[in-house]
Amino acid sequence: MSATLERIVVYPVKSLDPHDTMERATVRPDGGLSYDREFAIVDADGNYVNGKNDRRVHQLRSWFDPKAGRLTLRANDGDPTAFDLEDTGTIEAWLSEYFEQPVELRRDEAGGFPDDTLASGPTVIAESTIEAVAEWFDDIDADEMERRLRPNLVVSGVEPFWEDRLYRDRETAIGFRIGDCEFLGSNPCQRCVVPTRDPETGEETPGFRETFHEQREATLPAWASEAWFDHYFRLMVNTFVPESTVGKSLRVGDDIEILGERPYPA
């Protein structure tokens with residue numbers, strides 16, 4: 001099998017909709033990809049306003065145009081409004097009205113606002129894994145499952161759960177190369193409440209977590225290290241970014257090669 005980078009997906013505003021038309025992305029100084037989680041919505045106490053703590057996030061649509069420097073927002077029951085990204089005050093006013101509380105739109109172009117601040121590189125999953133996991137549920141297709149899981153790099157040409165080859169234990173990482181970029185696979189990503197909800201409405205899918213636990217344990221491949229599995233609500237792989245990769249670019253169609261074991265970064 002030949003592993004290939006099928007899709008690059010970034011989420012310009014943390015917790016909002018994906019921008020999935022990227023043909024190329026640059027690795028930034030703090031490990032994230034260009035535009036990924038570059039913005040974050042925070043409340044008056046500096047806490048993230050996200051799908052974990054506010055279901056209204058799921059009902060907020062967003063479109064990102066990096067060339068024009070514009071962000072378009074729409075509540076599910078409203079009309080779209082386009083904003084200049086430099087006009088943060090106007091965006092914050094719109095978001096504050098939507099969330100019914102004062103919020104701030106913060107920006108970090110060096111590395112964004114990753115969920116894992118230690119292994120802050122792009123997350124990786126096989127396209128076949130997304131399809132396999134969608135089959136665990138009667139009313140969820142692969143497109144919706146991808147929106148629930150929110151990966152950065154989707155790999156084609158490999159078997160389901162191939163990405164479980166990209167980590168080992170708490171002393172050992174796995175090196176792999178995508179095009180000219182080398183990464184270190186860290187651990188299977190611990191999932192939060194977000195994948196259990198419909199990404200459009202925020203409605204909870206009954207029994208999602210229980211079904212996921214049962215099926216993940218039953219289908220865990222022989223090559224997956226169980227060192228990280230204190231529970232089975234884990235899927236997708238978090239990564240570290242070596243300094244030598246910063247500034248390099250990933251491209252859709254890049255070949256992927258597993259390089260072998262490396263010391264786990266301190």
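How do the residues of the lining of the largest pocket divide into nonpolar, polar and charged? There are 16 nonpolar, twelve polar and 14 charged.

Ground rules next. This is a predicted model, where local features need pLDDT of at least 70, side-chain atom pairs count only at pLDDT 80 or more, and totals for chains, interfaces and linings use all residues. Numbering runs from 1 along each chain as its sequence is written, and side-chain values use heavy atoms, with hydrogens and water left out.

A pocket here is an open set of points on a 1 Å grid over the protein atoms alone, where a 1.4 Å probe fits, with protein on both sides within 12 Å along at least five of seven lines; lining residues have an atom within 4 Å of a point. Volume is the space filled by probe spheres set on the points, joined across faces, edges and corners.

The largest pocket holds about 750 Å³. It has 42 lining residues, with K14, R37, K52, D115 and R150 closest to the centre. β5 (60-65), α3 (142-149), β12 (181-190) and β13 (234-240) each give two or more. Helices (H or I, at least four residues) and strands (E, at least two) are DSSP runs, numbered from the N terminus. α3 gives the most, three residues.

Now the second largest pocket. Its space is about 180 Å³. Of its 14 lining residues, D17, P18, S62, W63 and F64 lie nearest the centre. β5 supplies the largest share, four residues. The lining divides into six nonpolar, three polar and five charged.

Terms used. Ala, Val, Leu, Ile, Met, Phe, Trp, Tyr, Cys and Pro count as nonpolar, Asp, Glu, Lys and Arg as charged, and the others, Gly among them, as polar.
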